[in-house]
Amino acid sequence: PSPFEVLQSIESLVKDRGLFAAIGASLFRVLNGFALAVLVAVPLGIFAASQRWLHAFLQPMIVGLRNIPVAALIPITLLWFGIGEQQKIMFIFIASFPFIFSDSCSAVLNVPERYVDTARTLGASDAQIIRKVLVPLAAPDIFSALRALFGLAFGYIMLAEVINTQSGLGALINVSQ
């Protein structure tokens with residue numbers, strides 16, 4: 001279709017096909033899966049980066065998870081979580097987790113060592129260093145990464161909604177085909 005025909009069909013897409021409801025359903029799934037990934041991956045990433053032995057142990061596994069094609073996660077999540085809503089939310093969680101973990105680790109590792117050394121000199125415990133030095137200094141980089149990764153997660157939802165979905169942008173695309 002020409003660009004003019006596409007523009008003419010927008011009204012039908014909104015009124016007859018429920019574009020805003022589809023956006024809402026997809027956004028709900030992405031927000032839930034991404035929020036769950038943030039709640040798990042950010043604290044784990046901060047803790048792993050502050051404990052070098054844990055970072056050295058987890059980093060190879062996370063790099064491996066980052067390199068798995070996202071489409072390969074669909075059969076895994078179908079097997080583990082079925083074909084309902086939970087599968088779509090957990091797909092976003094599993095697809096986003098390694099990226100959020102890695103970016104959280106990187107943000108903490110990029111904090112200059114002099115701040116940690118100063119806190120140790122002043123008698124701060126490991127927990128105080130994490131809570132009062134590393135987290136505040138790494139937070140801007142973590143939030144910047146999360147903003148970019150949310151867009152990535154929103155792109156992933158189209159894959160999750162290809163299978164057994166009655167609502168969402170992926171279902172709208174399937175019906176349109």
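This is a predicted model: local features need pLDDT of at least 70, side-chain atom pairs count only at pLDDT 80 or more; totals for chains, interfaces and linings use all residues.
1. A word on terms before we start: a residue is called buried when its relative accessible area is under 20%, exposed when over 50%, and partly exposed in between, using a 1.4 Å probe and protein chains only.

2. Residues are numbered from 1 along each chain as its sequence is written, and side-chain values use heavy atoms, with hydrogens and water left out.

3. Now the fold. The protein chain has eight helices and zero strands (DSSP runs numbered from the N terminus: H or I of at least four residues for helices, E of at least two for strands). Its radius of gyration is 20 Å, well over the 16 Å that the globule rule gives for 177 residues, so the chain is more spread out than a compact globule. Here the radius is taken over C-alpha atoms, and the rule is 2.2 Å times the number of residues to the power 0.38. The C-alpha trace spans about 70 × 35 × 25 Å along its principal axes.

4. Back to Val-116, which sits in helix H6 (residues 113-121). Leaving out residues up to four places away in sequence, Val-116 touches Ile-129, Val-133 and Leu-134, where contact means heavy atoms within 4.5 Å. From Gly-64, Val-116 is 52 residues away in sequence and 30 Å away in space, C-alpha to C-alpha.

5. What about the nonpolar core (buried Ala, Val, Leu, Ile, Met, Phe, Trp, Tyr and Cys residues joined through side-chain atoms within 4.5 Å)? The largest one has 41 residues, and those touching the most other members are Phe-91, Ile-100, Phe-101, Leu-134, Ile-142 and Tyr-156. At least two residues of this core come from each of H2, H3 (52-66), H4 (73-81), H5 (85-109), H6 and H7 (126-160).

6. Buried residues make up 38% of the 177. Of the contacts between residues at least 6 apart in sequence, 75% join residues at least 24 apart.
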